[in-house]
Amino acid sequence: MIVAEQKPLDEIMQSVSEDKNVLVLGCGTCVTVCFAGGEKEAEILAASMRMRSEMSDGGCTVDHLTIQRQCEWEYLDSAADAIKGADKVVSLACGIGAQAIIERFPEAQMVPGLNTRFYGLPTKQGVWEERCGGCGDCVLEYTDGICPVSRCSKSLLNGPCGGSHDGLCEVSDEMECAWHLIVERMEKLGHLDRLEEMHEPKNWSAARDGGPGKIVREDLLREPPGEVDEGEEGTGS
Amino acid sequence: MSEFKPGIVAFCCHHCAYGAADLAGAMRLAYPDSIRVVRLPCTGKLDVAHVLSAFEHGADGVMVAG
């Protein structure tokens, strides 16, 4: 899932300092699961903002609403009235959901309430760790299921660097060396020799190096439905 | 100037603290009228949002008993 963290309250308050009607819009998908921007967090942030406003000039009304998903227009439409009625929307979604708001409602004023961090998983209660770099050319097949792109600080593809020590990365003693994990796992499974296999250079143009990503599935493309002529309705084919 | 009398919202568990408050009443024990008791099925029900809501509505303090 996409993992995010809420911005500090001071920063959020600063971004709405000129506004009278603010909507805190939560998202019910990834950021709910990582406790950053779901229904509960939207409610708490809105209450905190109201109290902060009350303690200063008291001129800010803050409502909150949470929709199932901010990154799809169909779900966003269910919040259309609330979004259009607000001077500013504080989006508690990842950067995708936040941008979807202004793409769907170009007149809306939006500020992000979260910092989107990475694609990751909860490794234990309260801890999330990065697991995927979204590079567009997956190499897990060659690394026995451990991603060197996201879990190696240098995204190395050819083994550990000189900074690897005691299974840890030189960047931080709390960071495991991905290549140490890969070698350990391959040894345990008895096929360390697979690392000697040669592979084509990785296609980095599928990642950020190739510019903004876009996928078009022609088999799924549909023209928007046209208007139905009442005279032809129900005639079948 | 009158003495400050803090308004306290007390979130009480139905099964223990609320029963104790009931018993206090039966025993004619008095507590300040600025304490407002909110009965919960269990204090595990209490959420940060409820505490914030109490403060937002003017409480000076919140007590959780369970």
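Tutor: Let us start with a definition: a residue is buried under 20% relative accessible area, exposed over 50% and partly exposed in between, with a 1.4 Å probe and protein chains only. This is a predicted model, in which local features need pLDDT of at least 70 and side-chain atom pairs count only at pLDDT 80 or more, while totals for chains, interfaces and linings use all residues. Residues are numbered from 1 along each chain as its sequence is written, chains are lettered from A and ligands numbered from 1 in the order in which they are written, and side-chain values use heavy atoms, with hydrogens and water left out.

Student: Is A:Cys34 buried or exposed, and what is its relative accessible area?

Tutor: A:Cys34 sits in the loop between helix H2 (30-33) and H3 of chain A; helices (H or I, at least four residues) and strands (E, at least two) are DSSP runs, numbered from the N terminus. Leaving aside residues up to four places away in sequence, A:Cys34 touches A:Met1, A:Ile2, A:Val3, A:Ala4 and A:Trp128, where contact means heavy atoms within 4.5 Å. A:Cys34 is buried because its relative accessible area is 5%.

Student: What radius of gyration does chain A have?

Tutor: The secondary structure of chain A comes to eight helices and seven strands, and its C-alpha atoms fill a box of roughly 65 × 65 × 30 Å along the principal axes. The radius of gyration is taken over C-alpha atoms, and the globule rule is 2.2 Å times the number of residues to the power 0.38. For a compact globule of 237 residues the radius would be near 18 Å, but that of chain A is 23 Å.

Student: What percentage of the residues in chain A is buried?

Tutor: Of the contacts in chain A with a separation of 6 or more, 59% are between residues 24 or more positions apart. Among the 237 residues of chain A, the buried share is 33%.

Student: Which residues of chain A lose the most area to chain B?

Tutor: The interface brings seven residues of chain A into contact with six residues of chain B. Its buried area, the accessible area (1.4 Å probe) that two parts lose on being put together, summed over both, is about 560 Å², with 69% from carbon and sulfur atoms. On the side of chain A, 65% of what is buried comes together from the residues that lose the most area: A:Lys40, A:Ile44 and A:Met51.

Student: Which residue of chain A forms a salt bridge with B:Glu56?

Tutor: A salt bridge is a side-chain nitrogen of Lys or Arg within 4 Å of a carboxyl oxygen of Asp or Glu. By this rule, two salt bridges cross the interface of chain A and chain B. In the one that involves B:Glu56, the closest N and O atoms are 2.3 Å apart, and the partner is A:Arg50.

Student: Which residues of helix H2 of chain B are buried?

Tutor: The N-terminal end of H2(B) is capped by B:Asp47, with a side-chain oxygen 2.9 Å from the backbone nitrogen of B:Ala49. Just after H2(B), B:Gly58 takes a positive phi of about 105°. The cover over the buried residues of H2(B) includes helix H3 (39-55) of chain A together with strand S1 (8-13) and strand S3 (61-65) of chain B. The buried residues in this helix (residues 48-56) are B:Ala49, B:Leu52 and B:Ala54.

Student: How far does the backbone oxygen of B:Pro6 lie from a polar atom of the side chain of B:Ser34?

Tutor: B:Ser34 is placed in the loop between helix H1 (17-26) and strand S2 (35-40) of chain B, and B:Ser34 counts as buried because its relative accessibility is 13%. Not counting residues up to four places away in sequence, B:Ser34 touches B:Lys5, B:Pro6, B:Gly7 and B:Ile8. From the backbone oxygen of B:Pro6 to a polar atom of the B:Ser34 side chain, the distance is 3.1 Å.

Student: With which residue does B:Asp33 meet in a salt bridge?

Tutor: B:Asp33 is exposed, since its relative accessible area is 55%. Its salt bridge has an N to O distance of 2.8 Å, and the partner side chain is that of B:Lys5. The pair links distant parts of the chain, 28 residues apart: B:Asp33 is in the loop between H1 and S2 of chain B, and in the segment before S1 of chain B is B:Lys5.

Notes: Polar contact = N/O pair within 3.5 Å; in protein donor to acceptor, adjacent residues only side chain to side chain.
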